[in-house]
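This briefing reviews selected side-chain interactions and strand features. Please consult the sequence and the structure shown here alongside the points that follow.

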Amino acid sequence: MELPPDLHPFHSMVAALHDAEEAFVVLRLRDDDFELVHANRAFARRTGFDPRFDQPLPGARVYADPDHRSAIVARLRTGKRCQLRLPLTLEGRPRTVHSVFFPLKPPYYAGLLRELAPEQQMVQVFRSLERVKEALDRAPAEFYAAVLTSALESVPGADAGSLWILQGDRFVCTAQVGHTPELINFSVSFETELRWYGQGEAAMRQGTPRIITRRTIEAINSETEIASLNSERPLQANLLIPIVRKGEVYGTFNLDSVRNENAFTIESIEAGRLFAEEILGFLETERREQRLRGRLGLLERIVEINRIARRARSQGQLYLETLTALRRYIGSSHVTVFLLEEDGQVLRVVASTTPDLTAGMRIPRDRGASWIAIEERRAVHIHDIYKDPRVFHFGERRRGPVALLAAPLIDGSGEVVGVISANSRPHQGFGEGELAFFEASAEAIGMATERLKALGEATRRAEAYRKLIVLSTEIEVLENPDEIAERALRTILELTPFEAGVFYTLKGGKRLEPDVLVGDYPSRFPRIYEDHPVHLGEGLVGSTIAGRKGGAVHDYRDYPGALEPFVKIGTRSVLVEPLWVKGVPYGGLALLTFGQPAAPPAEARYLVQLTARRIERAFERIGHLTTLKEAREAMFRAFGVALERRDYETRGHTERVAQLSTRLARALGLRGGELEAVRWGAYLHDIGKLAIPDRILLKEGPLDEDEWALMREHTEIGFQMLEPIPFLPRSTRNIVRFHHERWDGSGYPRGLAGTEIPLEARLFAVVDVFDALANERPYKKSWAPREVARELRELSGRHLDPVIVDRFLQLKRPLRRG
């Protein structure tokens, strides 16, 4: 053979190796590549390459993969002896060869290539697996990358690969080598992966490997979404090994060749299976740890739900916080709590995260999957609500399957009090952990509902008694029966589910009339008593009051003695409590609903009875006060009459000024006890004259200066006479003391001026002057109304308050003769 001149020194070595059993080659470096310039017979026979120095083969002909070419060039450039393990197609089959290169004379290098025996190949696989085991304690992504890298070093024919883990119903790429980075986290459906696998689901669940070549790969890729992520170098072959344990698919292990369509052999499958087993073991460990973490997390979430349930102080707080936690922990889109009502025939929504289920909505029996959970007293799991006819749908249908969980709420006594339901997000569903957590949450909510219901009842009862105490305090200071009844009825309506309240009084000993109505009632309701009078002993109200024993009906339509006019306007539930004062019927209290019957709590009747008895005592007190006031009124009137008996000039004066003063005071805005004080002041305004001697009081002629001085003292004397009487209002004593004061300050006893004079004294002064002018006295005739009005205007602003004079003159009746 002819060698280049610079290799003549190596001619004998090359010739000696020409017929050797081991493959021998000579390489020549060319920039960043190499050429195969000579190969002995063994290499040419096994590979089909037979180059000569004058016809070398480019490196790409030998290794299409630039990575392999670059590895050879890098080692050769060191100029030292080096060893490499390289893939090579021998006799039509991919093999891994052990290569030893040594320099001849740059740029020439000689190489001996020895094919690894199968046992040597497996040694390499196991060495690679040792490195894989060292990565077991790393994060999953690092472990998967280590597996792929090691597999590509030792699995015959593999120069790229990817790992796909089944998550839910999709395979997700979790590692890749030799492909585009965009492949990571890309996912395909179970059906797509089955098409790629090509052997059917049964074979996949048995873990059967399969090998496909380029034509099949191209056909499958054209039908799937993964085609857009293909490597720049098209796949020539793919080896897929299902990762399976007992029929459960965990994922798929894919090894690829971008060089040779026949890259994979039985040895490749066996080696690949070893790596797949390592991946399976890691996945099982990960899943066990995930399940353990899931159980620990489940326990933590259950503890959290129980903590929420224990600390809740109201049902509203309980449902708001638990529904929020449930949505977060089980990944639910909507959660709803229903409570049983109407003797277990209706489910009422009390809390919901579903816009279509608002609080207060009612779901009748046998309508929806929640009733199944109640009737069977267990949690119900429906995988797709759109395929189960038992589910009652609200709102718009969502895309994709939606799962439902429903669990009964059971209290401490074992009674079902309601149900809680949750919908999954589309396509997600609920796992065993979510179901267990949901059941535990329902148990905690059921127990808490009972506790909070009892707490609520106790709170409502305490609030009811507090309001009754407040009512009793208010009743103590009220003196108007209608006002007392109205306050009582409004309080009772706050504490019971009734809509309206009525206070009846007995008129003429026979007829019952509604004096006070509060709440919501039909507009025609009051007129019924005008067109159809109700008498004592008639209907529910009349018979209850006559019998002096409370009565109640759940539905007035079913009451045997129901009166037709009240049935027609929709009267439903009625509760009546009689009012008797001093042993005789006075009237009664009635609570009513219209349209729908009410179900009042057991203590409602008791509360109404307590209120009725309190009102009876208040009415008795009012009766005593009325009698006492009448006695006081008579006593004060008697004082005034006694004065008139002494002073013949003022006969009838006291009664007239009492009436006129009361009218003027009311016109000026005084009310209630203020009017009473003015009237009493009018009766007693001259009581001090009882201490004036008859010689002065009854003197026919004018009084001298000393006599006037003594006469003027009657105001202070009267004030001092009344001072010891504790119940007498100050306004009354002010009239007695200051009714002779003048607006300009010229009056007596203090010489007060303007608004320094108490209002009650100023208004009485106007009335007193008017009466003196308008009525006949022994020493003068009565003045005409016009003269009286003219004189009052003359005195306005001097002797009398001008504002009060103007207001008095607006009253027409006082200007007539007394």
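In this predicted model, E341 and R362 form a salt bridge in which the closest N and O atoms are 3.2 Å apart. The pair links distant parts of the chain, since E341 belongs to strand 13 (residues 332-341) and R362 to strand 15 (residues 362-364), 21 residues apart. R362 is partly exposed, because its relative accessibility is 44%.

**Further salt bridges**

- Side chains of opposite charge can pair when their charged atoms come close.
- The count of salt bridges in the model comes to 27.
- A salt bridge also joins the side chains of E483 and R487, with an N to O distance of 3.6 Å.
- Both E483 and R487 are located in helix 14 (residues 481-495), where they are 4 residues apart, about one turn of the helix.
- E483 has a relative accessibility of 33% and therefore counts as partly exposed; for R487 the value is 33%, which also places R487 in the partly exposed class.
- The side chains of E716 and R750 meet in a salt bridge at 3.8 Å, N to O.
- Because E716 lies in helix 23 (residues 714-722) and R750 in the loop between helix 24 (730-738) and helix 25 (759-774), this pair ties together parts that are 34 residues apart in sequence.
- E716 is buried, with a relative accessible area of 19%, which falls under the 20% cut-off for that class; R750, at 48%, is partly exposed.

**Surroundings of R69**

- R69 is part of helix 4 (residues 66-76), and with a relative accessibility of 16% R69 counts as buried.
- Apart from neighbours within four places in sequence, R69 is in contact with D33, F34, G59, A60, Y63 and A64.
- For one of these residues, D33, the C-alpha atom is separated from that of R69 by 6.8 Å, although the two residues are 36 residues apart along the chain.
- With Y63, the side chain of R69 reaches the backbone oxygen at a distance of 2.6 Å.

**Aromatic rings**

- A pair of aromatic rings is described by the distance of the centres and the angle of the planes.
- The model has 11 aromatic pairs by count.
- In the pair of Y521 and F525, the ring centres are 6.2 Å apart and the planes stand at 55 degrees, so the pair is tilted.
- Y521 is partly exposed, with a relative accessible area of 32%, whereas F525 is buried, with a relative accessible area of 1%.
- Ring pairs link Y521 and F525 with Y504, Y529, F566 and F594 into a cluster.
- R737 places its charged end over the ring of F719, at 4.0 Å from the ring centre.

- Strand 10 and strand 11 (residues 237-245) run antiparallel and are joined by 4 bridges.
- The bridge partner of T213 in strand 11 is A237.

Conventions: Residues are numbered from 1 along each chain as its sequence is written. This is a predicted model: local features need pLDDT of at least 70, side-chain atom pairs count only at pLDDT 80 or more; totals for chains, interfaces and linings use all residues. Side-chain values use heavy atoms; hydrogens and water are left out. Two strands pair if DSSP finds at least two bridges between them. Helices (H or I, at least four residues) and strands (E, at least two) are DSSP runs, numbered from the N terminus. A salt bridge is a side-chain nitrogen of Lys or Arg within 4 Å of a carboxyl oxygen of Asp or Glu. Buried means under 20% relative accessible area, exposed over 50%, partly exposed in between (1.4 Å probe, protein chains only). Contact means heavy atoms within 4.5 Å. A polar contact is a pair of N or O atoms within 3.5 Å; within protein, one must be able to donate a hydrogen and the other to accept it, and residues adjacent in sequence count only if both atoms are side-chain atoms. Rings of Phe, Tyr and Trp (its six-membered ring) pair if their centres lie within 6.5 Å; planes under 30 degrees apart count as stacked, over 60 as edge-to-face and the rest as tilted. A charge sits over a ring if NZ of Lys or CZ of Arg is within 6 Å of the ring centre and within 35 degrees of the ring normal.
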